[in-house]
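Me: Hi! I'm new to this one, could you walk me through its inside?
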Amino acid sequence: MKYIFYYTFIFLKIILLLFPAKLSAQNINEFAKELDKYIYPITIRPDLDSIKNSLPENLFQDKSIIALGESTHGTKEFNLFRSQLIKEEILKKNVKIITLETDFCSSILLNNYLLSDKIDTLKNFSHIYGIYQTQEIYDLLLWIKSYNLKQPRNNRVNVLGIDMQDPYTISEKIISNFPQLQSIDIVSFKKLEKLKQLFFAQDAKLNKLEIADYKQLSLTLESNIKSSKQIKDTILLSHYVNLLKQTLTLRDYPGFFKKADKSYSDLRDKFMAENVMWLYRQYAHNDKLILWAHNGHISHAKLEGVYRMGYYLKETIGSKYYAMGYLFDEGSVRIYDFITAKKYKNFFYPSSTKNKSAEYVLKKSNSDSYFLAIDKNNSPLLESFFRKYRYTRVIGATYQKNPNKDYYENPIGECFDGFIFFKKASAAENITKIN
């Protein structure tokens, strides 16, 4: 008799273990069927009509800042589709400013070339972060250059960065754009020159007294700019000084050199949001600005205790901010190999097996690639999906051998206004064709 009870117990235990798995599989299939009712299948083709047929009409009609994300830097399909979308917005919506997650000061060289009447090669392309030095983005910049050459000077497209992590480029820009400083305030000039040299070939660590001294220098520079009558562009120079204050404040945080510290991430994203708004006011002319950055930055939710750039932008302009995430299930990406090769290389990511990730369900759709809007028109079943599957792949600068380490709580229903999904992805291409 005792064996009957024992085997009955084991049988019931197996049933209970299998039941949630069956229920989960049933839910996934239901979610996938529901997705197919609302998605817009997309294609990547050279013609702009592919964008028109892939996204809802007038999707960005009342938007001021359109953020285009990426679950990882270095994905070819992300780059190509965003390039198509950007061309569409430039040609049909008169967008005049594209912003990238790269250093503002270095991007000035690239932007000056894009705005100029020169027709030689994009020699200043290397002055932006390596994540953007790919064939797809090079081709987009060539297209923008060609477009600009056909436009009057006041109607050309700007491409500028929003980051502020390099004290060397910032101090160098202040010195080169404020030559009068040496005669106006020699003490401030020498301090700024010292800061520039300090960061010329290394990522120096400043102590508290040095940071306080350089912050005071920033205030003195602001005063000098206001009192000088010889500066041609006080607005741009004042922005350089503000970038200096930002980078010094970042270095005042203990977590700066860890780069993964939450206070560092929060502060950097806050500053990037401020810089996006400054660029919008200076260049968008009350129209639209396109922002190209990682999904984690454009998200307008609080993620793991950190307010991201998108959160600050949403707080500033409300519904006029639109965040479009980009996700993929499996494939190769181009990221930097810090361990062995010390260069950008391709890494393969398998299909998602994390059963709490959005990708685990999104790959079940009948479409290989598609757009889904996240709005009040979504069904209760999709709302349930957004609540239940709260993790997405977030690939940073380093390859993880354990793919589960690349998933973070990043709920798409809270972070984005819509998203693009690719079942298969391929690595962004290194530049091989130069015109």
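Reply: Happy to! Ile86, Ile98, Leu100, Ile137, Leu140, Leu141, Ile144, Val159 and Trp292 line the largest cavity (on a 1 Å grid over the protein atoms alone, a set of points where a 1.4 Å probe fits but cannot get out; lining residues have an atom within 4 Å of a point). This is a predicted model, where local features need pLDDT of at least 70, side-chain atom pairs count only at pLDDT 80 or more, and totals for chains, interfaces and linings use all residues. Residues are numbered from 1 along each chain as its sequence is written, and side-chain values use heavy atoms, with hydrogens and water left out.

Me: Which elements give two or more residues to that lining?
Reply: Strand E3 (97–103) and helix H5 (135–149) do, with H5 giving the largest share, 4 residues. Helices (H or I, at least four residues) and strands (E, at least two) are DSSP runs, numbered from the N terminus.

Me: What volume does the largest cavity have?
Reply: About 50 Å³, counted as the space filled by probe spheres set on the points, which are joined across faces, edges and corners.

Me: Switching topic: which residues touch the most other members of the largest nonpolar core?
Reply: Phe104, Met309, Phe385 and Phe419, out of 77 residues. Such a core is a set of buried Ala, Val, Leu, Ile, Met, Phe, Trp, Tyr and Cys residues joined through side-chain atoms within 4.5 Å; buried means under 20% relative accessible area (1.4 Å probe, protein chains only). Helix H11 (residues 262–284) supplies the largest share of this core, 12 residues.

Me: And what does Phe385 touch, leaving out residues up to four places away in sequence?
Reply: Phe31, Ala358, Val361, Leu362 and Ile412, where contact means heavy atoms within 4.5 Å.

Key:
Buried means under 20% relative accessible area, exposed over 50%, partly exposed in between (1.4 Å probe, protein chains only). On a 1 Å grid over the protein atoms alone, a cavity is a set of points where a 1.4 Å probe fits but cannot get out, and a pocket is an open set with protein on both sides within 12 Å along at least five of seven lines; lining residues have an atom within 4 Å of a point.
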